[in-house]
Amino acid sequence: MILAIASGKGGTGKTTVSVNLARALGCEIQLLDCDVEQPNAHLFLQGKPLGSEPVTVSIPLVDESLCDGCCECGMFCQYHAIVCLGAKPFLFAEMCHGCGGCALVCPKQAIGETERRIGVVETLRAQNVTLVQGRLDVGVATAPPLIRAVKARIQGGTPVILDAPPGTSCPVVATIRGSDFVALVTEPTAFGLHDFRLAVGTVREAGIPFGVIVNRMGAGDDRVHAYCQGEGIPVLLEIPDDRRIAETYSRGHLVVDVLPEYGGLFRGLWDEITQRVERPA
Amino acid sequence: MKIVFTASAGDIQAPLDSRFGRAPMFVVYDLDDDTFKMASNQESWDAAQGAGIHSAEVVARTGAKALVTGHCGPKAFRALAAAGIKVFSTDAPTVGEALKRYRAGDLTEIASVDVEGHWE
């Protein structure tokens, strides 16, 4: 089972849900922090570092003696990482996603590849949780290749929780792709609903079954619930607007450790999702 | 010699667009015979990233040797430099006024990047 915890709006509680769910389950769990621009699950799990590996992407290396300036490479690249401005191609390595397309379309075989470091994948161990997190190097703008490197560490046979970055763009798509279920966390506010609707569009496009977790229940209004009812989106969990949860989070502690009465809520969430994956409606 | 101006619309009296990468149109002015053509920059306008680089490609394809705009970011500047295109900055309100200032020699060439990129 691979469960992605995502949201449209930032700060709705993805990491709160991810780390507390992982701990509350008690069994062997892999938690992958895919918010590689700002990984923060480690702040709550306080794990022991097991290792760190650099991640690279393949970027083009042009042999100018073979290049005749036809510009097939520049016309192919949708990221404008390789462009033709006169006779020879010009490279913007920081824009390259490492797809290798320019080398394939070059009729002169003038393009080879070299490696460019984009970040690291770190593994930590905290009780029942193996935490794998990506950490993008400062100044690197291409998160998806690092997210794929994090997900390549998934070990079959153990349940996986993916803590996604916020939003609806490429890093989110790279995270949720291949997961069995997406739990979208939102808050019952106008901003929460607005970005939640965008996230719903993304997950529907990806064709992955999903449901919603409403965090800070009682803080806003009932528009999120009305929207979900109209769209047939299941509400998987409601987390009350409890000041003690915010205080626990702000101290870097786990809610299920400090406020054990919430453990059942997270275990119930897992059971609910497992049932939906095993017996789709 | 051809010179490109960033413009909000397709006409010589159009407002000069102070953005390079996201300018919708380029006015390509030929100083030799005082004629001009329009080049659409719609693809850069629509691009999720690399708009400045793509705009530099569009300018390079026009054969122009100089660009007059408001501001130019780091990647666009590198690309324009690689293409041998000089960049001039102006706060002129219209393309026509910018052309007048260029001819009068009132515009100074930008020697380095004057605005931050959107990724940095």
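Student: In which loop of chain A is A:H80 found?

Tutor: This is a predicted model, in which local features need pLDDT of at least 70 and side-chain atom pairs count only at pLDDT 80 or more, whereas totals for chains, interfaces and linings use all residues. Residues are numbered from 1 along each chain as its sequence is written, while chains are lettered from A and ligands numbered from 1 in the order in which they are written. Helices (DSSP runs of H or I, at least four residues) and strands (runs of E, at least two) are numbered from the N terminus. On this numbering, A:H80 is found in the loop between α3 and β4 (82-84) of chain A.

Student: Is A:H80 buried or exposed?

Tutor: A residue is buried if 20 or more other C-beta atoms, placed from the backbone, lie within 10 Å of its own, exposed if 12 or fewer do, and partly exposed in between. A:H80 has 23 other C-beta atoms within 10 Å, and therefore it is buried.

Student: What is the phi of A:C71?

Tutor: Most residues other than glycine have a negative phi. A:C71 lies in the loop between β3 (48-62) and α3 (72-76) of chain A, and it is partly exposed because 19 other C-beta atoms lie within 10 Å. Although A:C71 is not a glycine, its phi is positive, at about 75°.

Student: Which strands stand at the edges of the nine-stranded sheet of chain A?

Tutor: The order of this open sheet is β3-β6-β7-β2-β8-β1-β9-β10-β11, with mixed pairing; strands pair if DSSP finds at least two bridges between them. An edge strand has a single partner, so one side of it is left without a neighbour in the sheet. The strands in question are β3 and β11 (235-240) of chain A.

Student: Which residue of β7(A) stands opposite A:I29?

Tutor: Strands β2 (residues 29-33) and β7 (residues 129-136) of chain A run parallel and are joined by five bridges. Opposite A:I29 stands A:V129.

Student: How many Å apart in space are A:D222 and A:V129?

Tutor: A:D222 is found in the loop between β10 (210-217) and α8 (223-231) of chain A, and it counts as exposed because 10 C-beta neighbours lie inside 10 Å. The two residues are 93 residues apart in sequence, and their C-alpha to C-alpha distance is 35 Å.

Student: How many residues of β3(B) are buried?

Tutor: In chain B, six strands form an open sheet in the order β3-β2-β1-β4-β5-β6, with mixed pairing. Its edge strands, β3 (35-40) and β6 (108-109), each pair on one side only. β3(B) has six residues and lies largely in the open, because the number buried is zero.

Student: Which residue in the turn between β2(B) and β3(B) has a positive phi?

Tutor: β2(B) and β3(B) pair in the antiparallel sense over six bridges, with B:V28 opposite B:K37. The two strands form a hairpin with four residues between them, and the residue with a positive phi of about 55° is B:D34.

Student: How many residues of chain B are in contact with chain A?

Tutor: Two residues are in contact if their C-beta atoms, placed from the backbone, lie within 7 Å. Ten residues of chain A are in contact with residues of chain B, which number 14.
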